[in-house]
Amino acid sequence: RPVVTVRDVDKVYGNGTVALKDVDLTVKEGEFISLLGPSGCGKSTLLRLMAGLGEVSAGKVNWWEQDYSVVGQKGRKLAFVFQNATLMPWARVRKNVRLPLDLNRDKGEEAEQRIDQALEMVGLSKFGDAFPRELSGGMQMRVSIARAMVTGPNLLLMDEPFGALDEMTRNKLNDDLLRLWKDNGWTVVFVTHSVYEAVYLSNRVVVMAARPGRVIDEVPIEAPYPRG
Ligand code: ADP
Ligand code: ADP
């Protein structure tokens, strides 16, 4: 069943930059897709459109065969992880993870349990009371993953999430992410400009090129790569 369908999409920014031209992409349930390509090929633009952030200039994006106006209202279907952890520095880890629940006005015992589960999932149960600055970069990134997943979204969109981290931390987080994907049956779209990362993580690599940004190939990745 398709989770997101991108059909004949163009994106032209206000200054005339053609960021995407004739892009088609279908993300199916349970897939782990990488968007791979050089800087400026439109990866972030495409990911943002898949998150319902910004309007297409031509074509259409659908979620579960519906419009964003329908899906967006439910609020908890999509989750977005940015390159920087973008945590609130003045708030403890627990409060950071709680943010999407607060926005949905989810309170009470069930909300607390969701936060516990999200923290446990990323291995940070003991750090609920810590402040972001007390944690390493990799831990902060895991907090932002917990925050993204706390509402139980059906689609996780990640824009070079580990790009700012050192290579060892990044490899560790990639392994963590693969395990989480496998254990929880997530559907993930992951932006990267690393061929290694794309091949290591995903079921399918969507290769993009620049000027204008477009999809030039889709490569299925089979075993024997160690998936999770
Ligand atoms: P990538 O993520 O692959 O680096 P982007 O989607 O960020 O690519 O950018 C695609 C193209 O669109 C680039 O040429 C970039 O300069 C341009 N672009 C991105 N955002 C904007 C914007 N807000 N306004 C104008 N041009 C933009
Ligand atoms: P701030 O850093 O903004 O003052 P708080 O200390 O109020 O944040 O804590 C943020 C949230 O974390 C609160 O809603 C509270 O329920 C929870 N919290 C605080 N301390 C603990 C604790 N020891 N165990 C579990 N949850 C806690």
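Biologist: Which residues are linked with Arg94 in a network of salt bridges?

Modeller: Arg98, Glu112 and Asp116 join Arg94 in that network. A word on the source: this is a predicted model, where local features need pLDDT of at least 70, side-chain atom pairs count only at pLDDT 80 or more, and totals for chains, interfaces and linings use all residues. Residues are numbered from 1 along each chain as its sequence is written, and side-chain values use heavy atoms, with hydrogens and water left out.

Biologist: What is a salt bridge, and how many does a search of the whole structure find?

Modeller: The term means a side-chain nitrogen of Lys or Arg within 4 Å of a carboxyl oxygen of Asp or Glu. The search finds 12. One of them pairs Lys21 with Asp10, whose closest N and O atoms are 3.2 Å apart. Lys21 belongs to strand S2 (residues 18-28) and Asp10 to strand S1 (residues 2-12), so this contact ties together parts 11 residues apart in sequence. Helices (H or I, at least four residues) and strands (E, at least two) are DSSP runs, numbered from the N terminus.

Biologist: Is Asp10 buried or exposed?

Modeller: Buried means under 20% relative accessible area, exposed over 50%, and partly exposed in between (1.4 Å probe, protein chains only). Asp10 is buried at 14%, whereas Lys21 is partly exposed at 36%.

Biologist: Where do Arg114 and Glu110 lie?

Modeller: Both sit in helix H4 (residues 108-121), 4 residues apart, or about one helical turn. Glu110 is exposed at 53% relative accessibility, while Arg114 is partly exposed at 23%.

Technical notes:
Chains are lettered from A and ligands numbered from 1 in the order in which they are written.
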